[in-house]
Amino acid sequence: MTTIKTEYGVFTYDEYLAAFEQWVKDETSSSKNSTVALAGFTKLNLARTNRLHKTIELKPELVKLVQSMQHTYAWTVLTEAWCGDSAQTLPLIAEIARLNPEKIQLQIILRDEHPELMNNYLTNNARAIPKLVVFNETLSKESFVWGPRPLPAQELLLNWKKNSDGRSWDDFEKELHGWYAKDKTETMQNEFLQLLQDLN
């Protein structure tokens, strides 16, 4: 059976972090047509990623739920290193996956290298990232898709698109990352609690 894992080249999370550090060192990014701006976002996002890995506190009920999983899952994340939402959410996904490496295999696929795959997981007809696709390997079926951001953050974006009220994209991004900073992954952990409870 052909799965995302066998059909597409993937990074393990550790390989992705190593590549992330190399992109920053080389002043480039994960996209082949990298720009100075994307390189700058990538450097900022590596700092965000490293900070989150040091500060995330997982909810005990989430830890218990993940550690008691019965089936084996492939967690595939479509993303790019320059993506700010990814830097705010992928570290939490990785920390959750690390709780049960025997049952969860986390793999990273670069969006821009696989547009045909990304087109299967659009958000409002856009290639919004990150997108997490969870596949139950025990039952050979897709379990759920999450992303590109927690629901309140997605609502912030949709409201800005409806009425920017004079705020530029840079202004909105500051608001969005301010939300992430205040939330401290609380909302996303609650969303994953619900999604993973529904698997059982």
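The lining of the second largest pocket divides into seven nonpolar, five polar and four charged residues, where Ala, Val, Leu, Ile, Met, Phe, Trp, Tyr, Cys and Pro count as nonpolar, Asp, Glu, Lys and Arg as charged, and the others, Gly among them, as polar. The model is predicted, with local features requiring pLDDT of at least 70 and side-chain atom pairs pLDDT 80 or more, while totals for chains, interfaces and linings use all residues. Residues are numbered from 1 along each chain as its sequence is written, and side-chain values use heavy atoms, leaving out hydrogens and water.

This second largest pocket holds about 310 Å³ of space. A pocket is here an open set of points on a 1 Å grid over the protein atoms alone, where a 1.4 Å probe fits and protein lies on both sides within 12 Å along at least five of seven lines; lining residues have an atom within 4 Å of a point. Volume is the space filled by probe spheres set on the points, which are joined across faces, edges and corners. Of its 16 lining residues, L52, Y180, A181, K184 and T185 lie nearest the centre. Helix α8 gives the most to this lining, with five residues. Helices (H or I, at least four residues) and strands (E, at least two) are DSSP runs, numbered from the N terminus.

The largest pocket has a volume of about 550 Å³. Its lining comprises 26 residues, with C83, D85, R149, W169 and E173 nearest the centre. At least two lining residues come from each of α3 (36-55), α5, α7 (151-162) and α8 (169-183). By class, 13 of the lining residues are nonpolar, six polar and seven charged.

Five strands form an open sheet of mixed pairing, in the order β1-β3-β2-β4-β5; two strands pair if DSSP finds at least two bridges between them. Because β1 (11-12) and β5 (141-146) stand at the edges with a single partner strand each, one side of each is left without a neighbour in the sheet. Strands β2 (residues 73-79) and β4 (residues 131-136) pair in the antiparallel sense over six bridges, and Y73 has N136 of β4 as its bridge partner.

The axes of helices α2 (residues 13-25) and α5 (residues 84-98) come within 11 Å and cross at roughly 145 degrees. Axes are lines fitted to C-alpha atoms, for helices over the stretch in contact, with angles from 0 to 180 degrees between N-to-C directions. The contact (heavy atoms within 4.5 Å) involves Y13, D14, Y16 and L17 of α2 and L90, P91, A94 and R98 of α5.
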